[in-house]
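Here is a short briefing to read alongside the model. Please have the sequence and the structure open as you go.

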Amino acid sequence: MTYYTWTDESKMMKSVEVFRIQALQDIPSRFVKKGDMGGFMCKKSKLVGTAWISVGATVINSTLRDDVAILGNALIENCILSGKCHIQNDSWLLHVTGSGIFASGEVAIRSTTMHSDKPTLFGFSLEAGASIFNSTLLYTGDGKNLIKLKDFAKIEFSQVEGSHMEFNKHTTLRYSHVTGSNFLFENVPEVHDTIFKGKNMEFNRVLDISKSTITGENLVFKGGVSIRNMKMEATDSEFYGMGIVINDSTITGKNIYIQDYVNIQYVDIQGQHVLLSNHASLVGKKDDHLLLLGNVQIREFVQFAIEEGRKSNVLSNEEIDGDFVHTGN
């Protein structure tokens with residue numbers, strides 16, 4: 001049974017004539033009463049279940065099912081949405097298909113909050129050029145891989161929160177907050193000026209991570225990561241693999257393990273247990289110091305390169321095992 005109808009009020013949007021809809025019956029889950037006016041929708045679009053479009057929103061060539069709510073001034077074009085999708089404010093979704101929230105294609109989200117609690121294998125999947133600006137992605141349901149962004153997705157000035165998050169395939173993240181657990185950043189060109197809080201965070205092949213702060217538990221950096229001007233505080237931190245460079249940063253925590261070919265320049269490392277091994281290289285900072293604080297173990301060809309006029313402080317229960325070279329003062 002159809003629970004809405006098109007009125008005679010219309011306008012042109014994207015070269016398509018869209019008509020305002022009106023409720024034919026109450027929709028309690030959307031707080032809609034019989035006779036209430038909704039937003040604009042073209043006649044090739046369809047609402048099913050309890051889906052609704054608020055007064056300022058527009059839907060073109062799309063199907064909305066279940067508990068989908070299009071609020072504010074949102075524009076939905078060529079989409080199929082189902083489950084508990086709440087799209088609001090000034091967001092624009094183009095060529096989006098999915099349940100819960102799954103966005104595949106050119107997706108622009110501006111000044112909006114996307115929230116899902118549908119218990120599926122994903123909460124949000126935004127890909128293929130997705131652009132997220134000044135927005136919030138929040139998932140509170142159960143499952144894994146709940147927030148996934150990939151294929152040149154871009155996130156700026158936004159907040160992302162969930163229990164499982166995956167950022168990969170050329171996704172960039174700038175001026176944002178990421179909170180929750182089980183983060184994976186892989187094949188990411190840039191993470192800049194972002195705050196991370198949570199546990200089980202892994203960064204693998206992140207070309208440039210800079211001016212950011214990480215606080216939490218179980219932090220892992222693998223090969224191909226460049227870190228600049230960072231503050232990291234984690235219960236357990238591990239750095240290993242080829243091509244890791246850490247510059248002008250602070251690393252603090254309980255257990256800090258730095259292994260393999262890690263190049264550390266101008267960094268303060270403060271932990272209860274610090275291990276440096278297997279060709280790790282440390283360089284002191286001019287007019288400052290290279291600080292290693294804690295129960296420090298240095299072994300297996302680790303090298304210090306401290307130039308004249310620079311100083312190195314290795315404090316508290318230093319244990320040196322294996323070939324060790326310390327040049328300069």
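**Ser54 and its surroundings**

Leaving out residues up to four places away in sequence, Ser54 is in contact (heavy atoms within 4.5 Å) with Gly38, Gly39, Ile70, Leu71 and Gly72. Please keep in mind that this is a predicted model, where local features need pLDDT of at least 70, side-chain atom pairs count only at pLDDT 80 or more, and totals for chains, interfaces and linings use all residues. Residues are numbered from 1 along each chain as its sequence is written, and side-chain values use heavy atoms, with hydrogens and water left out.

- Ser54 sits in the loop that runs between strand E5 (52-53) and strand E6 (58-60); helices (H or I, at least four residues) and strands (E, at least two) are DSSP runs, numbered from the N terminus.
- With a relative accessible area of 16%, Ser54 is buried. Here buried means under 20% relative accessible area, exposed over 50%, and partly exposed in between (1.4 Å probe, protein chains only).

**Nonpolar cores**

- A nonpolar core is a set of buried Ala, Val, Leu, Ile, Met, Phe, Trp, Tyr and Cys residues joined through side-chain atoms within 4.5 Å.
- The largest nonpolar core has 72 residues, and Leu81 and Phe221 touch the most other members.
- Another core, of 5 residues, lies apart from it and includes Val18, Phe40, Cys42 and Leu75.

**Salt bridges**

- Side chains of opposite charge can pair when their charged atoms come close.
- The whole structure holds 8 salt bridges, each a side-chain nitrogen of Lys or Arg within 4 Å of a carboxyl oxygen of Asp or Glu.
- One of them joins the side chains of Arg20 and Glu9 at 2.9 Å, N to O. This pair links distant parts of the chain, with Arg20 in strand E2 (residues 16-23) and Glu9 in strand E1 (residues 4-13), 11 residues apart.
- Arg20 is buried at 11% relative accessible area, while Glu9 is partly exposed at 40%.
- Glu77 and Lys14 also meet through their side chains, at 3.1 Å, N to O. Glu77 belongs to strand E9 (residues 75-77) and Lys14 to the loop between E1 and E2, 63 residues apart.
- Glu77 counts as buried at 11%, and Lys14 as partly exposed at 43%.
- Arg174 and Glu156 form a salt bridge at 3.2 Å, N to O. Arg174 is in strand E24 (residues 172-174) and Glu156 in strand E21 (residues 154-156), so the pair ties together parts 18 residues apart in sequence.
- A network of salt bridges links Glu156, Arg174 and Glu190.
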